[in-house]
Amino acid sequence: MQPRDLSAHGVYRAGRGIEEVARELDLDPDDLVKLASNENMYGPSPAAVEAIQSSAEQMHSYPKASHADLVDRLADRWGLAPEQVWLGNGGDGVLDYFARAMLEPGDAVLVPAPGFAYYPMSARFHHGTIREYTLSKADDFEQTAETVLEAYDGERIVYLTSPHNPTGTEIGNDDVAEIADRTDEETLVLVDEAYGEFTDATSARALVDERDDVAILRTFSKAYGLAGVRLGYGFVPEEWADAYARINTPFAASELACRAGLAALDDDEHVEKTVETAQWAREYYHEHLDAPTWESGGNFVLAEVGDAEAVADAAQRDGVIVRDCGSFGLPECVRITCGTREDTKTAVEVVNGVLD
Ligand SMILES: *Cc1c(COP(=O)(O)O)cnc(C)c1O
């Protein structure tokens, strides 16, 4: 026997891990700087580490109280009813919930190109079909209502990413509202704010009160440094918030993840330090990389380096792992995550050395 026809399904390629690269190049992992997956330069919040250690004894229980506590805490912080907060196994898990809640077999979704690989993957898993809108380099990957609406043709979900991965560009809330206005009543406009903490722009969260066709995605993976525990959340309009109870995988967020998330939310110092350093590093890349870069609202910068694969390979041999954007359809660009001050400077030195 065989699984269903998966020939249209892509394979997700994550940024390469330190151990993997160290083994391949026969280097000490401690000598490598990994700036390929937009992870937190300071690691997890120490408070989250402590919470996981002290909740380890609770691993035999299903995460009932911790799940409810985290939902309540997020609802409180964002001024929403608890039902409007959808927890998931990473932001990716929440993307699956949106697809599961929205798509009938054959429904189409509209995704950005270049864009985050998991949008089309998730939609295909849920028997959806994919159409793309283009963010073009000629326009500096600018995101406007017009860019999206020109491509729109009645799709059930429109995915927006702000700040956008891998380019760093943003879309204003007026444009989001305009897209929601000018698309069908049954079209969901999903605003992915995975990097929302790193920008000064305001969240599209207010639109969730004003309308029933905008939802938001957020994650603990980036600014909170919890990528390894897999914890993300969505905000959805009140009108259909109860769908969660019908579509969620029971206990999608684990006991350890929920405890870590609760602790991380209280650790303002860690988030502030992370965001501050990312903002410093973005500027440092803009000023010092010997390659064109784009303004970024995230904890990464896109740089045009020529042959990205060759540059990434050479940088890696010199101890710095960056993301070759070939898989995003940008074979001339690398994406470099904001590191600590030291790692950011090392990255610039190494990449400039390679470009030389
Ligand atoms: C990292 C990221 C996510 C979510 O990642 P998780 O680790 O699954 O929370 C979602 N969207 C974009 C654009 C991202 O870069």
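**Entry 1: the model**

I am working from a predicted model. I keep that in mind for every value below.

**Entry 2: around the ligand**

Which residues come nearest to the ligand? I listed the shell and found 14 residues around the ligand. Gly 91, Asp 192, Tyr 195, Thr 219 and Lys 222 come nearest. I then sorted the shell by residue class. I got 4 nonpolar, 6 polar and 4 charged residues.

**Entry 3: polar contacts and cover**

I looked up N and O atoms of the protein against oxygen atoms of the ligand. For Thr 219, a side-chain N or O atom is 2.5 Å from a ligand oxygen. For Gly 91, the atom is a backbone N or O, 2.6 Å from an oxygen of the ligand. For Asn 165, the side chain again supplies the N or O atom, and the distance to a ligand oxygen is 2.9 Å. How much of the ligand's accessible area does the protein cover? On its own the ligand has 380 Å², and the protein covers 94% of that. I also checked the pockets. The largest pocket is the space that the ligand takes.

**Entry 4: aromatic rings**

I searched the whole structure for aromatic pairs and found 15. I picked out Tyr 97 and Tyr 244. Their ring centres are 5.7 Å apart and their planes stand at 80 degrees, so I log the pair as edge-to-face. The cut-off for that label is over 60 degrees. Where do the two partners sit in the chain? Tyr 97 is in helix H4 and Tyr 244 is in helix H9, residues 244-247. The two are 147 residues apart, and the pair links distant parts of the chain.

**Entry 5: backbone**

Most peptide bonds are trans, and most residues other than glycine have a negative phi. I looked for departures from both.

Ala 113 and Pro 114 are joined by a cis peptide bond, with omega about 0 degrees. Pro 114 lies in the loop between strand S3 (108-113) and helix H5 (118-125).

The bond from Ser 162 to Pro 163 is also cis, with omega near -5 degrees. I place Pro 163 in the loop between strand S5 (157-161) and helix H7 (173-182).

Asp 26 has a positive phi, near 60 degrees, and is not a glycine. I found Asp 26 in the loop between helix H1 (18-25) and strand S1 (33-35).

Terms used
Residues are numbered from 1 along each chain as its sequence is written. This is a predicted model: local features need pLDDT of at least 70, side-chain atom pairs count only at pLDDT 80 or more; totals for chains, interfaces and linings use all residues. Side-chain values use heavy atoms; hydrogens and water are left out. A residue is near a molecule or strand if one of its heavy atoms lies within 4 Å of it. A polar contact is a pair of N or O atoms within 3.5 Å; within protein, one must be able to donate a hydrogen and the other to accept it, and residues adjacent in sequence count only if both atoms are side-chain atoms. Accessible areas come from the Shrake-Rupley method with a 1.4 Å probe; for residues, only the protein chains shown count as cover. On a 1 Å grid over the protein atoms alone, a cavity is a set of points where a 1.4 Å probe fits but cannot get out, and a pocket is an open set with protein on both sides within 12 Å along at least five of seven lines; lining residues have an atom within 4 Å of a point. A molecule sits in a cavity or pocket if more than half of its atoms lie within 2 Å of its grid points. Ala, Val, Leu, Ile, Met, Phe, Trp, Tyr, Cys and Pro count as nonpolar, Asp, Glu, Lys and Arg as charged, and the others, Gly among them, as polar. Rings of Phe, Tyr and Trp (its six-membered ring) pair if their centres lie within 6.5 Å; planes under 30 degrees apart count as stacked, over 60 as edge-to-face and the rest as tilted. Helices (H or I, at least four residues) and strands (E, at least two) are DSSP runs, numbered from the N terminus.
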